[in-house]
Amino acid sequence: MGSVRKRVAIVGGGIAGLAAAVRIRDRAPAGTEIIVYEQSGRLGGKLRTGELAGATVERGAESFLMGAPDGGESAAVRFARRLGLGDALVHPSPIPAALAIGGRLEKVPGGTLVGVPGDLSLLGTVARPVAGADPDEGRPLLAEGEDVAVGALVRARYGDEIADRLVDPMLGGVYAGRADRLSLATTMPALARTARTEHTLTAAVRAAQAASVRVPGRAVFAAVDGGMNRLVGAAAAASSARISLGLPVRELTRTAHGWRLLLGPVPAPQTDDVDAVVLAVPARPAGRLLGGVDADAAAEIETLDYASVALVAFALPPGTPLPDLSGFLVPPTEGMLVKAATFFTRKWAHLDREGGPVIVRASLGRAGEEHLLQHDDAVLAATAHAELGRLLGAELPPPVASWVQRWGGGLPQYAPGHLDRVALARAALADRPGLALAGAAYDGVGIPACVASGENAADDVLKHLEER
C-alpha cells in the first residue's frame, strides 16, 4: 500500500456502514483514516433504542438471527462478539406467536418456512389448501435463474387462503411488503434453490428446511441487553472513525487519485478527497450519488421501492392480562391498521420487572398503504390501542405511557429480479475501483445481512487500496 496514509469515506452511519468501518479498521494498515458521514443527527439507521415507563424498548429492529444457514453464527452475532457484547446477548422466551384470523388469535402452525407450509396437514383451521393442491407435474417448480413473486408461487400451488392468511403476514412482518410483490430468490433464497430441483412446493419446503443447519440448543433470535444502541455505540468506538453528523454528501466524483465528496449546504459547499468510498445509504440517495459516476448502476438501483411503517409502543398498567404468546401477526385480509404486535415483556424476560409495566409494541402500515399512516400520532395510537383490545377480546386499559415511531420509506421492497439488478449495478461499478455498495437496499433487511453487506463492501475497497 505504500507509506502514504489512506483515507476511506463511508457514506451512511447505519449498521451496514458501521460494520464496514470496523472491518476496515481491523484489516487496513495502521494510520488509515476512516470518516463516517451520516446526514441525520445520529448513528444507527434503523437501530434505535427508546425508553418507555422506565423500560428499554426498541424503536427499530428488536432482534437478529443467531445462526447462518450453514450452521455457523450469523454475521450479527460474530459482530457483537467482536465488539465485546457477546455476553450481553439475550434471547426471547420460548412461547408461540399467533395469527389474527377472523378477529381471533390462532397459534401459528408448525412446519412452515416463513409461512410456506411443508406439510399441509398441520394447518388446522388457520388456512385450507385448494382441492388438488400441489400436483407433481414432472418438472421443477422454477427454471434455472428464474425468479417469481413468493405469492405467485404459493397461490399457484396451494391457493389463495394459504397465501393470504399465512405467507403474507409472515413476510409482511419482516418486510412490511406483500407476498405478491416480493422476490422469492431474495426473501427466501433457500426455497428458491430447492424449487429449481423439486417438483412440488411441499417437497421444496422440506428440502430447504433439511438443508438449513439447526444447532441443537441454540436460540433462534438474540437481542442486546440494554438495547441495540449499545451495538451502535460499540461499533462507532471500535472503528475509531471520525464521525461527521448532519452534513449531507451531495455529490460524488472520480478524481485522478480516488474520489471527491461534495458536502454540506449548497451556498457553502465543502469537499473531501478520499481513496475509497463505501456507499451505505438507501437506494434513492445511492442512485443520486451514482448518477454522476455511472448512469447504468444508478438506473438499476433507483428502481427499488420502499415501504413506510410506524411503531406504537404502549406501557400498560402492571398486571394487565395478556395471552401466553410472544405476539401476533395480522393478515391484510383482516382489514386492520395493526399488522403485527409484540408482547415485549412476555417475549423478553429481561424486561419483565416485578410491579413494572406490561409493554406491547404494535407495527402499523404495509407497502402501498402509506395513506393509512397520514394521521397524527394520537390517532394512530388510539386506533392501534382499540384494535389490540378487540383482538384480545377485552378493552385494554389506558396506557401509562406511549410513543409513536415512524419509519418513512424504511423498508426496501425486493421485486422479482432484484438479485439480477443488484448484480448488474455492481458489475457496472467494477471498473470504478474503490467504490462499493452496502446495506439493506442490496443484500437483505435483517441485521446479519446488513452487517455482512458492510463487511463485504469493506473487503472490496481494502483489496483496491492494497493494489494501489
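Student: What kind of crossing does α1 make as it passes α15?

Tutor: This is a predicted model, in which local features need pLDDT of at least 70 and side-chain atom pairs count only at pLDDT 80 or more, while totals for chains, interfaces and linings use all residues. Residues are numbered from 1 along each chain as its sequence is written, and side-chain values use heavy atoms, with hydrogens and water left out. A crossing is left-handed if the near helix is turned anticlockwise from the far one by less than a right angle, and right-handed if clockwise. By that rule, the crossing in which α1 passes α15 is right-handed.

Student: Which word describes how α1 lies to α15?

Tutor: Helix α1 (residues 15-27) and helix α15 (residues 447-467) pack at about 45 degrees, with their axes 7 Å apart; axes are lines fitted to C-alpha atoms, for helices over the stretch in contact, and angles run from 0 to 180 degrees between N-to-C directions. Angles under 35 degrees count as roughly parallel, over 145 as roughly antiparallel, 65 to 115 as roughly perpendicular and the rest as oblique. The angle therefore makes α1, relative to α15, oblique.

Student: How many nonpolar residues does the contact of α1 with α15 have?

Tutor: In contact (heavy atoms within 4.5 Å), residues of α1 including I15, A19 and R23 meet residues of α15, among them C450, V451 and E455. Ala, Val, Leu, Ile, Met, Phe, Trp, Tyr, Cys and Pro count as nonpolar, Asp, Glu, Lys and Arg as charged, and the others, Gly among them, as polar. By class, this contact has 1 polar and 4 charged residues, and its nonpolar residues number 10.

Student: How many of the 6 residues of strand β19 are buried?

Tutor: Strand β18 (residues 327-329) joins β19 through 3 antiparallel bridges, and β19 also pairs in the antiparallel sense with β20 (residues 358-364) over 5 bridges. Buried means under 20% relative accessible area, exposed over 50% and partly exposed in between (1.4 Å probe, protein chains only). Strand β19 (residues 338-343) is largely enclosed by the rest of the structure, because its buried residues number 6 of the 6.

Technical notes
Helices (H or I, at least four residues) and strands (E, at least two) are DSSP runs, numbered from the N terminus. Two strands pair if DSSP finds at least two bridges between them.
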